[in-house]
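Me: I'm new to this one. Could you show it to me and then walk me through how to read it?

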Amino acid sequence: MLQAGTVAPLFELKDHLGRTVKLSDQKGKRVVLWFYPKADTPG
Amino acid sequence: MLGISFDTQAENKAFAEKFGYDFPLLCDTERTVGIAYKAADHPKDKYAKRYTYVIGADGKIEQAIDTKDPAGQAAELLKQL
C-alpha cells in the first residue's frame with residue numbers, strides 16, 4: 001500500500017448519489033479514504 | 001470521510017441507505033483510484049483491499065491502515081477524529 005508521507009493521488013469520482021467528488025475539493029481538510037471490498041458486507 | 005469501492009452507484013446507494021451513512025460512497029467501477037492507491041492490482045479485480053488512508057490537509061498520506069479487522073479499523077479511525 002502507499003506509505004505515509006506519499007502525496008495522495010488526486011481523483012474525481014461519482015458517489016452513490018451521482019455527485020462528483022474530487023479530492024482537490026477537500027484541500028485543507030483531513031480526509032479518511034476508506035476502501036471496502038463490497039457494498040453491504042461487514043467492514 | 002469518503003468510502004470507496006468498485007460497486008455501482010445503485011449498490012452503494014442501497015448500502016448507504018441500509019446503514020444510514022451520511023458520507024459519500026465513491027463508485028470506482030474502473031478501479032483507477034483503487035489501483036492508484038494500491039487497493040487493487042488489476043482493473044479486473046473484483047474487490048478492493050481493506051485499506052484505509054488518512055490524508056492530511058497538506059494532501060499527503062498521514063496514515064495507511066491495512067486491516068482485515070473491521071471493528072478494530074473503526075476503533076482506530078474514531079481515535080483520529
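Reply: Let's start at one spot: W34(A) sits opposite T52(B), a residue of strand 3 of chain B. Strands (E, at least two residues) and helices (H or I, at least four) are DSSP runs, numbered from the N terminus. This is a predicted model, where local features need pLDDT of at least 70 and side-chain atom pairs count only at pLDDT 80 or more, while totals for chains, interfaces and linings use all residues. Residues are numbered from 1 along each chain as its sequence is written, with chains lettered from A and ligands numbered from 1 in the order in which they are written.

Me: In which sense do strand 3 of chain A and strand 3 of chain B pair?

Reply: Two strands pair if DSSP finds at least two bridges between them. Here the sense is antiparallel, over four bridges.

Me: What is the order of the strands in the open sheet?

Reply: Five strands run 2(B)-1(B)-3(A)-3(B)-4(B), with mixed pairing. Strand 2 and strand 4 (61-66) of chain B are the edges, each pairing on one side only.

Me: Which residues touch the most other members of the largest nonpolar core?

Reply: A nonpolar core is a set of buried Ala, Val, Leu, Ile, Met, Phe, Trp, Tyr and Cys residues joined through C-beta atoms within 7 Å. Buried means 20 or more other C-beta atoms within 10 Å of a residue's own, C-beta atoms being placed from the backbone. In this 25-residue core, the answer is F35(A), I4(B) and Y53(B). Strand 3 of chain B gives the most, with four residues.

Technical notes: Buried ≥ 20, exposed ≤ 12 C-beta atoms within 10 Å, placed from the backbone.
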